[in-house]
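Here is a short briefing on one protein model. Keep the structure open as you read, and find each element as it comes up.

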Amino acid sequence: MAAQRGQRGGVGGDTPPAPTAAEITTPIPRVADVPAARERARAVPEAAVARLAVYLRVLSAMQEQGAVTVSSEELSAAAGVNSAKLRKDLSYIGSYGTRGVGYEVTVLIEEIERILGLTRKHSVAVVGIGNLGHALANYGGFPGRGFPVSALFDVDPDLVGVPVGGIAVHHIDDIPRVCSEREVSIGVIATPPPAAQTVCDRLVEAGVQCILNFAPVVLQVPDHVEVRKVDLAVELQVLSFHVARRADDAAATGGRQVNGMVVS
Ligand SMILES: NC(=O)c1ccc[n+]([C@@H]2O[C@H](COP(=O)([O-])OP(=O)(O)OC[C@H]3O[C@@H](n4cnc5c(N)ncnc54)[C@H](O)[C@@H]3O)[C@@H](O)[C@H]2O)c1
């Protein structure tokens, strides 16, 4: 087994420098061809990639409401980031907007989708069809965003063969065959922690190169496999840190905190 690789998760983390005036105002051609898009994608920092996915979600909602253009201020407010960071993120993908007009919503959506590799669908397999696996399999929001859940696996004989979200659960012994037949490119691990590494190894052996891991363990994967970890406890701990810091600030200024609000 190859050396363990760092696992990434969460939005934020880097603080890119603010864009220069020239970056903001100089329109440059759209990302027009795949090699150029790949080249740009390599230059995008990991934290910016996560924010691009957030911008895409916000832009899609704006497009549904009929928006044609959007200013960086509107988009940054809707995405919950400051506008300098947003402009810097969009500059990574070669999108600078036009002074006084902003960004064309449709064009920006296309550019972000191309950078994120969303111009093709990514078939998803979920392994571990318990509480979380059921929720993921039944969630209707993934297919529309290019991630059809196409295979489910578990070891529980009471689950194998049972349809969940319209897809029959297979035994994990079927991972190689089913993943190959259904061209699975992303594996989601929702098993108890002790089973996660074995399940990961099986997915990797089946050719799956992207893993989203919900189990609170660090997975060992070969270099060519990308792992992202979703650890809700860590996210809550980060929130706890911010709440504690606000309480300290409130105490230092003679106020006190009630439900996160400083009161005197
Ligand atoms: N439920 C949540 O809200 C939540 C939140 C954050 C993280 N998690 C993590 O997600 C994972 C799943 O949580 P859950 O609440 O759905 O657990 P669960 O016990 O309800 O379900 C786990 C499922 O995994 C299956 N399983 C066990 N060993 C397996 C193996 N070797 N191969 C395939 N399937 C196997 C079990 O049969 C079961 O169906 C856990 O690691 C948990 O810590 C859960």
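- Ile-211 in strand E8 (residues 210-213) stands opposite Val-227 in strand E9.
- This is a predicted model: local features need pLDDT of at least 70, side-chain atom pairs count only at pLDDT 80 or more, and totals for chains, interfaces and linings use all residues. Residues are numbered from 1 along each chain as its sequence is written.
- E8 and E9 (residues 226-229) run parallel and are joined by 4 bridges. Two strands pair if DSSP finds at least two bridges between them.
- E8 also pairs with strand E7 (residues 184-189), in the parallel sense, over 4 bridges. Here Ile-189 has Asn-213 of E8 as its bridge partner.
- E7, helix H9 (residues 193-205) and E8 form a right-handed β-α-β unit. Right-handed means that, with the strands pointing away from the viewer, the path from the first strand over the helix to the second runs clockwise.
- In a regular strand, side chains alternate between the two faces of the sheet. Which residues of E8 are on the covered face? They are Ile-211 and Asn-213, while Cys-210 and Leu-212 are on the uncovered one.

**Helices H3 and H4**

- The axes of helix H3 (residues 46-64) and helix H4 (residues 72-79) come within 9 Å and cross at roughly 105°. Axes are lines fitted to C-alpha atoms, for helices over the stretch in contact, and angles run from 0 to 180 degrees between N-to-C directions.
- H3 and H4 are therefore roughly perpendicular to each other (the term covers 65 to 115 degrees).
- Val-54, Tyr-55 and Val-58 in H3 meet Leu-75, Ala-78 and Ala-79 in H4. By class, this contact has 6 nonpolar, no polar and no charged residues. Nonpolar covers Ala, Val, Leu, Ile, Met, Phe, Trp, Tyr, Cys and Pro; Asp, Glu, Lys and Arg are charged, and the others, Gly among them, are polar.

**Ile-112**

- Ile-112 is in helix H6 (residues 105-115).
- Is Ile-112 buried or exposed? Ile-112 counts as buried because it has 22 C-beta neighbours inside 10 Å (buried needs 20 or more, exposed 12 or fewer, with partly exposed in between; C-beta atoms are placed from the backbone).
- Leaving aside neighbours within four places in sequence, Ile-112 is in contact with Leu-52, Tyr-55, Leu-56 and Ile-93 (contact means C-beta atoms within 7 Å).
- Ile-112 and Tyr-55 are 57 residues apart in sequence, and 8.4 Å apart in space, C-alpha to C-alpha.

**The whole protein**

- The protein has 10 helices and 11 strands. Helices (H or I, at least four residues) and strands (E, at least two) are DSSP runs, numbered from the N terminus.
- Of its 264 residues, 27% count as buried.

Definitions and conventions. Angles under 35 degrees count as roughly parallel, over 145 as roughly antiparallel, 65 to 115 as roughly perpendicular and the rest as oblique. Two residues are in contact if their C-beta atoms, placed from the backbone, lie within 7 Å.
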